Amino acid sequence: MIEIDELSLIKLIEEIKPKLVLVTCPSGIRLDCIKIISNLSKKYNFDAIFFGESCYGICDLAESEASFLQVDLILHIGHNSTLRRAGKMTYFIDAYDTISLTPVVEKVLPLIRAYKNIGLCTIGPHLKRLDEVQNYLQKLGFSVYIGDSIPPLRRGQIFGCNYSTCKAIEQFVDVFLFIGSSRFHAIGLYNLLGKPVLVLDPHTKEIFSIEKDALRVQKRLLFNFYKAIDAKNIGVIIGLKEGQYNISAALELYKELNNLGKNVYIIAMKEISNDKLNEFQNIDAFIETACPRISEDFFDKPVLSLQYGYKLIEYLKGQKI
Ligand code: SF4
């Protein structure tokens, strides 16, 4: 079950008095959002349009669609952070998962007996319950660290592209416990810091080390990197989601790779998918400048993140990487 920050939402609606609202949220909480906002719309006399496109992160704004639809307000629900608003009309509304973390934390105890210093991290929906977990583990004698808020991250929070709260406590920690149902957050954490990461999934009550998955991803990224070295034709992708838009990086890659003898094509795309990339039959490898997580997905051709794109340039220039 999800509960949203209804107080902030009502305050906002009373302040803006919108007539037409665009509602966007991650797919996992869409049904809850439809229910809650439909009820509020009757009470506060506005019409709601529910955005049917993906919404993967706080970066995934819908400002241009909102202008096209001529709405008065965008409610972006469920990507909690320190930010209250973005763009011209996006307001972030927090959403929290009401599931208890205690059962899954109790289950992890036999696996962490060998450790003394625990780092805790999670994603937006479970942030409110981190203190509970910290107190519980501390009472059992563990030293438990939670990274302070580093905006836009809240205390103990991570994004798939931002682990700075964990980096800040890395030196004190023997093992990280990641609370959440998404593997890619834990994979990113392991691959960035190289410390053991245990995933505690509050929904399935599963607990597992992310090491094997993370090493598999590392291998795939390296394999793609080496394939991209030999690519004659490279596509540099500009992401058209507002918060992922990075045309300056794309143009820089374009220039550098051209100078290094590659045939480079710039491509603009909103949702990056295997099917869409396969339409570019002339291209041997891609570099996407949008979201670092995308390159971890499965594609038929190599897709490098921006970070690996820069490494590719260094490699081609004969520099050590
Ligand atoms: S850029 Fe990617 S990883 Fe970062 S917040 Fe957006 S969707 Fe998440």
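Which residue takes a positive phi in the hairpin of β5 and β6? Glycine 87 does, with a phi near 60°, and that hairpin has three residues between its strands. This is a predicted model, and its domain assignment gives domain 1 (2-97), domain 2 (102-209) and domain 3 (218-316). Here is a short tour, beginning with the sheet that holds this hairpin.

**The five-stranded sheet**
- Five strands line up in the order β3-β2-β4-β6-β5, forming an open sheet with mixed pairing.
- At its edges are β3 (47-50) and β5 (85-86), each of which pairs on one side only.
- Strand β6 (residues 90-93) pairs with β5 in the antiparallel sense over two bridges, and alanine 86 stands opposite threonine 90 in β6.
- With β4 (residues 73-77), β6 pairs in the parallel sense over four bridges; here phenylalanine 92 of β6 is the bridge partner of histidine 76.
- In a regular strand, side chains alternate between the two faces of the sheet.
- Both faces of β6 are covered, with Thr90 and Phe92 buried on one side and Tyr91 and Ile93 buried on the other.

- Nonpolar side chains tend to be buried together in soluble globular proteins.
- The largest nonpolar core has 33 residues, of which Phe178, Leu189 and Val197 touch the most other members.
- Elements giving two or more residues to this core include the helices α4 (102-112), α5 (130-139) and α7 (183-193), along with the strands β8 (117-122), β9 (143-146), β10 (175-179) and β11 (197-200).
- Beyond its neighbours within four places in sequence, valine 197 is in contact with Phe176, Phe178, Ala186, Leu189, Tyr190 and Ile210.
- There is also a second, separate core of 26 residues, with Ile272, Ala285, Ile287 and Leu306 among them.

**Where domains 2 and 3 meet**
- The C-alpha centres of domain 2 and domain 3 are 31 Å apart.
- Contact between these domains involves four residues of domain 2 and five residues of domain 3.
- On the domain 2 side, the touching residues are two nonpolar, two polar and no charged.

**Around the ligand**
- Which residues are around the ligand? They are Tyr56, Gly57, Ile58, Cys59, Phe159, Gly160, Cys161, Gln244, Cys291 and Arg293.
- Sorted by class, this shell holds six nonpolar, three polar and one charged residues.

How values were computed. Residues numbered from 1 in each chain as written. Predicted model: local features only at pLDDT ≥ 70, side-chain atom pairs only at ≥ 80, totals over all residues. Near = placed C-beta within 6 Å. Nonpolar A, V, L, I, M, F, W, Y, C, P; charged D, E, K, R; others polar. Core = buried A, V, L, I, M, F, W, Y, C linked by C-beta atoms within 7 Å. Buried ≥ 20, exposed ≤ 12 C-beta atoms within 10 Å, placed from the backbone. Contact = placed C-beta atoms within 7 Å. Domains from an automatic or database assignment. Pairing = 2+ DSSP bridges.
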